[in-house]
Amino acid sequence: MSTVIIPENYHSILNNYETQEAIGLIKNLMQNKLCMALKLKRVTAPLFVDPATGLNDDLNGVERPVSFGIPDAGIDVQVVQSLAKWKRMALYRYDFHVGNGLLCDMNAIRRDEELDNLHSAYVDQWDWEKIITADDRNFDYLKMTVKRIVESICNTLDEVRYRYEQLDTELCRDITFITSQELENRYPDLTPKERENAFAKEKKTIFIMQIGDLLKSGKPHDGRAPDYDDWKLNGDLLFWHEPLQCALEVSSMGIRVDARSLDEQLAKAGCDERRRLPFHQMLLRDELPLTIGGGIGQSRICMLLLQKAHVGEVQAGIWDEETLNACRKAGIRIL
């Protein structure tokens, strides 16, 4: 059974028809604003990949990808879990140049996701990747990129509120940057998720940096695959979400590994067998471009801007009967 939180006195500001209309507006606005802010071009994304290429994302390392066979091709393929690696290869194959990048409308299935108000088995993201120089691999470039993404989100909200005057969503444009170790130092007795909630409630818009490596406590803030983000130059973007009274993560992103950081992180994660995969061999030989990239949750952005209490209000999915009954009684309209 999934976990569901029912906010007290919750009601959807928009009805079902208005919600569907608003989702379309948000997705069109966000795609255009991201492309302009980050100098991106939309490209077509794959729904599945050959696992032998090493291009699929293993996320925290425990999620099982959905697999199926294609008889005519004589191959078993995996539904993508994200496009973190595929995008970098695409920039190389499509002859993109420094300062420009790509944007994908990505759909994925995550069969092992623990379902709740914010998580479903279906993932929809704007997955983006951009070529940078070696001199861009620093905190200042990362922070500048985060600021442009936040501006795109807030500017989208302004236009949505102009169309739907009954919406009262407020977002903070000022971002508070903090490392995962600084966050642990600040709240040593809280779990990582509790730290995020406490800090986001205070600061409203936060970016937690350096996720994946072990903290002084001996545990990571959160899991990260060792072969896409550089754990020293990555992070998560979170907004305070009033309906659920929690931090809402809308993006995981970062400057990607170069040959040196990939070598270090594969060793730390005990994943040296990946060095044999074509993608990883190209990275270790410095044959792929240096990049920054990430994913921005489409349903999460819709939840945030439209003040929804459950992801099932903005995407069609599968839920257990107890969740559906609880939401129905509370007036939460699950699609």
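Modeller: Start with a definition. A residue counts as buried when its relative accessible area is under 20%, and as exposed when that area is over 50%. Between those limits, a residue is partly exposed. Keep this at hand, and remember that the model is predicted.

Colleague: Is Phe207 buried or exposed?

Modeller: Phe207 has 0% relative accessibility, so it counts as buried.

Colleague: How do I read a pair of aromatic rings?

Modeller: A pair of aromatic rings is described by two things: the distance of the centres and the angle of the planes. Now the case here. A search of the whole structure finds 2 aromatic pairs. One is Phe48 with Phe68, an edge-to-face pair with 5.3 Å from centre to centre and 85° between the planes.

Colleague: Where do Phe48 and Phe68 lie?

Modeller: Phe48 belongs to strand 2 (residues 48–49) and Phe68 to strand 3 (residues 67–70). They are 20 residues apart in sequence, so the pair ties those parts together. Phe48 is partly exposed, at 36% relative accessible area. Phe68 is partly exposed too, at 33%.

Colleague: Why is the pair of Phe177 and Phe207 called edge-to-face?

Modeller: Planes over 60 degrees apart count as edge-to-face. The planes of Phe177 and Phe207 stand at 65°, so this pair is edge-to-face; the ring centres are 5.8 Å apart. Phe177 is in strand 7 (residues 176–179) and Phe207 in strand 8 (residues 205–209). The pair links distant parts of the chain, 30 residues apart.

Colleague: Which charged end sits over the ring of Phe177?

Modeller: That of Lys143, 5.4 Å from the ring centre. Tyr164 has a charge over its ring as well: the charged end of Arg163 sits 4.6 Å from the centre.

Colleague: Let's turn to the sheet. What is the order of its strands?

Modeller: The order is 1-5-6-11-10-9-8-7. This is an open sheet of 8 strands, and the pairing is mixed. Strand 1 (40–42) and strand 7 are the edge strands, each pairing on one side only. From one strand to the next, the twist averages 25°.

Colleague: How many bridges join strand 6 to strand 11?

Modeller: There are 7, and the two strands run antiparallel. Trp128 stands opposite Gly294 in strand 11. Strand 11 (residues 291–297) also pairs with strand 10 (residues 246–256), in the antiparallel sense, over 5 bridges. Here Ser251 faces Ile296, and Ile255 stands opposite Ile292.

Colleague: How many residues of strand 11 are buried?

Modeller: 7 of the 7, so strand 11 is largely enclosed by the rest of the structure. Check which way they point. Thr291, Gly293, Gly295 and Gly297 point one way, while Ile292, Gly294 and Ile296 point the other way.

Colleague: Which strands does helix 5 lie across?

Modeller: Helix 5 (residues 192–203) lies across strand 7, strand 8, strand 9 (229–241) and strand 10. It runs at about 140° to strand 8.

Colleague: And helix 1? How many residues has it?

Modeller: Helix 1 (residues 16–38) has 23 residues. From first C-alpha to last it reaches 32 Å, close to the 33 Å expected at 1.5 Å a residue.

Colleague: What covers the buried residues of helix 1?

Modeller: First, find them: among the buried residues are Ala22, Ile26, Met30 and Lys33. Their cover includes strand 1, strand 5 (101–109), strand 6 (122–131) and strand 11. It also includes helix 3 (139–163) and helix 8 (298–306).

Definitions and conventions:
Residues numbered from 1 in each chain as written. Predicted model: local features only at pLDDT ≥ 70, side-chain atom pairs only at ≥ 80, totals over all residues. Heavy atoms only, no water. Phe/Tyr/Trp six-rings, centres within 6.5 Å; stacked < 30°, edge-to-face > 60°. Helix = DSSP H or I, 4+ residues; strand = E, 2+ residues; numbered from the N terminus. Buried < 20%, exposed > 50% of the residue type's maximum accessible area, 1.4 Å probe, protein only. Lys NZ or Arg CZ within 6 Å of the ring centre and 35° of its normal. Pairing = 2+ DSSP bridges. Axes fitted to C-alpha atoms, helices over the stretch in contact; angles between N-to-C directions. Contact = heavy atoms within 4.5 Å. Expected span 1.5 Å × (residues − 1).
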